[in-house]
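The following note is intended for a colleague who meets this structure for the first time. Its points are numbered so that each may be checked in turn.

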Amino acid sequence: TEVKKIAVIAGDGIGPEVVAEAIKVMKRTEELFGLKFEFEHGLFGGVAIDEKGTPLPQETLEICKRADAVLLGAVGGPKWDNNSKELRPETGLLGIRKELGLFSNLRPAVVFDCLKDASTLKPEVLEGTDLIVVRELTGGIYFGEKFRREGAYGEEAVDTCVYNVTEVERIVRQAFEVAQKRRKKLASVDKANVLETSRLWRETVNRIAPDYPDVEVEHVLVDNCAMQLLRRPSSFDVIVTENMFGDILSDEAAMLTGSIGMLSSASLGEGSFGLYEPVHGSAPDIAGQGVANPIATILSVALMYRLTFGYGEAADAIERAVKQVLDAGNRTGDIATDRAQALSTTEMGDLIANALEGAAVQA
Ligand code: NAD
Ligand code: IPM
Ligand code: MN
């Protein structure tokens, strides 16, 4: 079997806790499916600032560049929140996405039937919800010029939002292709009634839509989309949107599934290389307690297997194992109705790893 190189950058807070469970699952799939991984760990985020004086050390970037895929936990925390931009963990995250050319961020939000009562929304509203947010990841206001200056009324801060047509076209084409493999419905989300970048975005969608005649396109203004996601979540299939709107809407979509601890993600460029991480952050409020939900990270491994390696059977087995474990009533605190019964991070990881064998046989 071909050995695949995995760069592991666990990061801060609950990052290392959830990544450990994902690796546990990967090791079990090595035995069950004859896969072989080589893990190389790199310092990243706050821990890298503390130890190396920068959130994204050159060595970590090299580890990622020579890997076939990256598994990332999360970065950030109160310790570094007042640092200057260069010494912020989040700057490292933006840097790694940009350096690796990962312009496309896929964030599936699927409601497991047995978790309908974990959401704050009514079960009948959630019924059948299975959507994916395709978020542009290396452009927009995150990456535009930023500066401070002295204005007539005191200090001013400026963030610029820039998109060129090439950036818009490549992400929109990816979203059309994702839609073609799903229910063939694309909601393009923008603020074209106000923003020039959004008008370019909408024009681009309309210009290339004829190349995908089987996909039904709907334009939705972002404020309305935020509302419709709670009103009629099951009517969405693929949502494509710019960087910041996608960040916000995907956390909102997470709550449809019951918890942000359930939302996985894949960050891709043009090739098969990808970076896989949960949508959630380092959760400083629960870090170190061993109670974080590892499912978002474990489901990110399933995305890695399918999208980077073409290990479809192993990916299916991971998803089935997660479903079985949840169906049997196992819960971490974030999705539990009875907190007293909640499992720890490692208990949940063990259950999923142990369910893999049965889930594999079922295939
Ligand atoms: P967060 O996602 O870390 O946490 C939001 C809430 O969700 C918290 O109450 C947290 O306890 C809970 N939560 C998150 N993940 C969970 C899990 N797996 N299991 C159970 N509960 C979970 O968002 P935040 O609090 O706004 O940000 C905290 C830090 O994380 C900040 O420094 C932020 O910049 C950073 N952040 C990093 C990433 C990333 O690395 N990709 C993503 C988002 C936020
Ligand atoms: C995410 C996070 C990051 C983002 C932050 C930590 C820079 O919220 O991955 O969703 O905004 O992209
Ligand atoms: Mn976010």
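1. K184 is found in the loop between α6 (165-180) and β8; helices (H or I, at least four residues) and strands (E, at least two) are DSSP runs, numbered from the N terminus. The phi of K184 is near 65°, a positive value in a residue other than glycine. Because K184 has 14 C-beta neighbours inside 10 Å, it counts as partly exposed. A residue is buried if 20 or more other C-beta atoms lie within 10 Å of its own, exposed if 12 or fewer, and partly exposed in between, with C-beta atoms placed from the backbone.

2. The model is a predicted one, in which local features need pLDDT of at least 70 and side-chain atom pairs count only at pLDDT 80 or more, whereas totals for chains, interfaces and linings use all residues. Residues are numbered from 1 along each chain as its sequence is written, while chains are lettered from A and ligands numbered from 1 in the order in which they are written.

3. A283 also has a positive phi, of about 40°, although it is not a glycine. A283 lies in the loop between β12 (274-278) and α10 (295-309). With 24 C-beta neighbours inside 10 Å, A283 counts as buried.

4. Two strands pair if DSSP finds at least two bridges between them.

5. Strand β5 (residues 130-136) runs parallel to β10 and is joined to it by four bridges; the bridge partner of R135 in β10 is T241. Strand β8 (residues 185-190) also pairs with β10 in the parallel sense, over four bridges, and there V189 has T241 as its bridge partner.

6. Strand β11 (residues 264-268) pairs with β12 in the antiparallel sense over five bridges. In this pairing, A266 stands opposite Y276 of β12.

7. Which residues surround ligand 2? They are G76, E90, L93, L94, D247, V279 and G281, a residue being near a molecule or strand if its C-beta atom, placed from the backbone, lies within 6 Å of it. Helix α4 (residues 89-99) gives the largest share of this shell, three residues. The shell around ligand 2 divides into three nonpolar, two polar and two charged residues. Here Ala, Val, Leu, Ile, Met, Phe, Trp, Tyr, Cys and Pro count as nonpolar, Asp, Glu, Lys and Arg as charged, and the others, Gly among them, as polar.

8. Ligand 1 is surrounded by 22 residues, of which the closest are G76, G261, H280, G281 and N293. The residues of the shell around ligand 1 divide into 11 nonpolar, seven polar and four charged.
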